[in-house]
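Hi,

Here is the structure I promised to pass on. Have a look at it first, and then read my notes below.

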Amino acid sequence: MAGNDQISPWWSKARHADVRPFLAARSAITKAIRAWFDEQGFAEVETAILQVSPGNETHLHAPRTELAGAAGERATRYLRTSPEFACKKLLAAGEAKIFELARVFRDRERGDLHLPEFTMLEWYRANTTYDAVMADSVVIIAHAAQATGIGRFSFRGRIADPFAEPELLTVAAAFERFAGIDLLATIDGGEGDRAALAAAATEQVRITDDDTWSDIFSKVLVEHVEPNLGQGRLTVLFEYPAPEAALARAKASDPRVAERFEIYACGIELANGFGELTDAREQRHRFTLAMDEKQRRYGERYPLDEDFLDAVAKMPEASGVALGFDRLVMLASGALRIDQVVWTPPAGDA
């Protein structure tokens, strides 16, 4: 383009003025949330961005770099996808209640709800069940809305009252309600039965020969379940199936599900929390399977953080949550896109 058709840079006074109210809302929310954590006796931590391993989930991708030592030796490091590994090491070190407003990085993510560099609010409580951090999450979301004075969240025609009593819904109940699938019948001994889920979901989603149990689960979740969550009020979706446990421990009374929850508003996932796994052997097993699958799909794998696995074996029982801070600010400020609520857009954006 040329002349008057060119888009002004993001730092032009006119463009910045358009988003300035959203940025003011971001500052107000940040102050309110920090004050709440302080009142609750949490310590704010600042953990390292460069890590030996960025995380070991199949579909998370991280930028990598090389560090040069004084003698010229080189070592591969990754920009973290989450501060989780470092925070759990701090739990093993004796910290009991910690939170971080962490800058995190993810490749292959850009859109109205995704940024390659974003802020994650993550916090942990030692010696508590995940019900406690579930309740924390609901309170924090309400505090964000209170800080901006917004009465309700709205996004693409969906609304949610952040002050209303949230809907509590198990993943199994959600699959039954919105997709007509008996999800737990497709899980045996903590493992997903691919054939059983494919048969149950064949009319709901398109299934390819290459799809795993987790792929089919994700397709049903995204296409049939998530659009119905957080309608009118928040939805707490909990008891994720064991094959999707990630870093959560299995539920003692039903090993088919894990102590994992997510919170939705207006169909948008805001938070992902766990009753944390403290079995290092099981965590290593899960990571290895995930990296094998990443290698098969994407031709790459990330190393395991051996210090983290040592810390898992030593950390106390705990619960923790990761909350997408930019998404929360977007809803609480009335912004339409996530890039409207960050001070500077991703490098290279107009």
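The side chains of Arg 297 and Asp 215 form a salt bridge, with N and O 2.1 Å apart. Arg 297 belongs to helix H7 (residues 280–298) and Asp 215 to helix H6 (residues 213–225), so this pair ties together parts that are 82 residues apart in sequence. Before you go further, please keep in mind that this is a predicted model.

Arg 297 counts as partly exposed, at 27% relative accessibility, while Asp 215 is buried at 10%.

Glu 293 counts as buried, with a relative accessibility of 17%, whereas Arg 296 is partly exposed at 44%. If you put these pieces together, you get a network of salt bridges that links Asp 210, Asp 215, Glu 293, Arg 296 and Arg 297.

What does Thr 58 touch, once residues up to four places away in sequence are set aside? The list is Ala 290, Met 291, Glu 293, Lys 294, Arg 297 and Tyr 298. Two of the names in it, Glu 293 and Arg 297, also belong to the salt-bridge network above. Thr 58 itself is in the loop between strand E2 (50–51) and strand E3 (64–68). A polar atom of the Thr 58 side chain lies 3.3 Å from the backbone oxygen of Ala 290. Is Thr 58 buried or exposed? Its relative accessible area is 14%, and buried means under 20%, so Thr 58 is buried.

**A salt bridge elsewhere**

In total, the structure holds 26 salt bridges. One of them joins the side chains of Arg 80 and Glu 100, at 3.5 Å from N to O. Arg 80 is in the loop between strand E4 (74–79) and helix H2 (84–93), and Glu 100 is in strand E5 (residues 97–105), so the pair ties together parts that are 20 residues apart in sequence. Arg 80 counts as buried at 3% relative accessibility, and Glu 100 is buried at 3% as well.

**Aromatic rings**

I also went through the rings. How many aromatic pairs does a search of the whole structure find? It finds 13. One of these is Phe 37 with Phe 42: the ring centres are 5.0 Å apart and the planes are at 75°, so the pair is edge-to-face. Phe 37 and Phe 42 are both buried. They also belong to a cluster in which ring pairs link Trp 36, Phe 37, Phe 42, Phe 99 and Trp 123.

Another pair is Phe 217 with Tyr 240, with centres 6.4 Å apart and planes at 65°, so this one is edge-to-face too. Phe 217 lies in helix H6 and Tyr 240 in strand E13 (residues 235–241), so the pair ties together parts that are 23 residues apart in sequence. Both of these residues, Phe 217 and Tyr 240, are buried. Tyr 240 has a charged neighbour as well: Arg 260 lies over the face of its ring, 4.5 Å from the ring centre.

Over to you!

Technical notes
Residues numbered from 1 in each chain as written. Predicted model: local features only at pLDDT ≥ 70, side-chain atom pairs only at ≥ 80, totals over all residues. Heavy atoms only, no water. Helix = DSSP H or I, 4+ residues; strand = E, 2+ residues; numbered from the N terminus. Buried < 20%, exposed > 50% of the residue type's maximum accessible area, 1.4 Å probe, protein only. Polar contact = N/O pair within 3.5 Å; in protein donor to acceptor, adjacent residues only side chain to side chain. Contact = heavy atoms within 4.5 Å. Salt bridge = Lys/Arg side-chain N within 4 Å of Asp/Glu carboxyl O. Phe/Tyr/Trp six-rings, centres within 6.5 Å; stacked < 30°, edge-to-face > 60°. Lys NZ or Arg CZ within 6 Å of the ring centre and 35° of its normal.
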